[in-house]
Amino acid sequence: MVQYSATSIKRFSLELGGVYMCSCVCVFRHLPQRAAHSPLLLLPCVIPGDAPVLVFADCDLEAAVADIVGLKFANAGQICVSPNRVLVEQSIYEQFIALVAEKAKVYTCGAGTDERDAAAVVQPVVSEASLARLLGYVTDAVDRGARVVCGGARIDRPGTFLAPTVLADVHGEMLCTQEELFGPLMTIRPFVSREEAFVAANNTDFGLSGYVYTTSLETMLVAEKSLLCGNVLINGAHYSIELPHGGLKQSGYGKDISHFSMRDYYDVKRITIKRT
């Protein structure tokens, strides 16, 4: 983490030549203004993603639930590609919620080394302010009609721990569906039609990752065209150093891995030689 000023930005630009950013939106908007009067080159930027998850009735439901729950609570949901807004086809909605609750209740809160099964440990959130923000999302959602499936409260132990939380019956008026969560909080809402699902998934300022669970090739092809995300992951998450990673809309620009990322670290020269 760097505290930056106009002077430090100028020094960075002279010593490093450029700055790669992986940050929140406020920094992403502010830093270019600071850099406007310096020779600083801003390299690719990746920003939080508010990732949607679309779960269709024809998917392998148990595999989908295991995948989504594991992704959501890894590192206490403090990952830019963490699933935020889970949209589930109406016909399997209650079954999906029951399976999620069953898996979420297995998790315990700790440092990751406190328990034998580290994969089922939810770490603390980064600060008291972050914990207060997440609890505020829960309160706002419940006041607007959401159902607390599990969690929803601070854990009574030292540290900034939020119990693994699942909110069902959420809708677009709730803060938890409008902002990037960055915490162990999963929101779930139903959809009836495929068109409705994609409209709701794209109803955000962000577009880093989007997840789709289905066995329909037609739905897969529609998803890759319809989802406004830099990463569209179907029937499972797969991230690798060989694959490009970056977002659309306010989730940044450029790619931070794969050979595509190298383009921003090199200058292109045009050289002509007149034959004599």
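**Helices and salt bridges in a predicted model**

Trainee: Which strands are included in what covers the buried residues of α5?

Mentor: The buried residues of this helix are Ser 130, Leu 131, Leu 134, Tyr 137, Val 138, Asp 140 and Ala 141. What covers them includes two strands, residues 165-168 and residues 185-191, namely β8 and β9.

Trainee: How wide an arc do the buried residues of α3 cover around the axis?

Mentor: The buried residues of α3 are Leu 61, Ala 64, Val 65, Ile 68, Val 69, Lys 72 and Phe 73. They lie on the same side of α3, because the arc they cover around the axis is only 130°.

Trainee: How many residues apart are the partners in the salt bridge between Arg 147 and Glu 94?

Mentor: The side chains of Arg 147 and Glu 94 meet in a salt bridge at 3.1 Å, N to O. This pair links distant parts of the chain, since Arg 147 lies in strand β7 and Glu 94 in helix α4, at a separation of 53 residues.

Trainee: Is Lys 225, the salt-bridge partner of Glu 224, buried or exposed?

Mentor: The closest N and O atoms of Glu 224 and Lys 225 are 3.0 Å apart, and Glu 224 is partly exposed at 40%. Lys 225 has 64% relative accessibility, and because the cut-off is over 50%, Lys 225 counts as exposed.

Terms used:
Residues are numbered from 1 along each chain as its sequence is written. This is a predicted model: local features need pLDDT of at least 70, side-chain atom pairs count only at pLDDT 80 or more; totals for chains, interfaces and linings use all residues. Side-chain values use heavy atoms; hydrogens and water are left out. Buried means under 20% relative accessible area, exposed over 50%, partly exposed in between (1.4 Å probe, protein chains only). Helices (H or I, at least four residues) and strands (E, at least two) are DSSP runs, numbered from the N terminus. Contact means heavy atoms within 4.5 Å. The arc is that of the directions from the helix axis to the C-beta atoms. A salt bridge is a side-chain nitrogen of Lys or Arg within 4 Å of a carboxyl oxygen of Asp or Glu.
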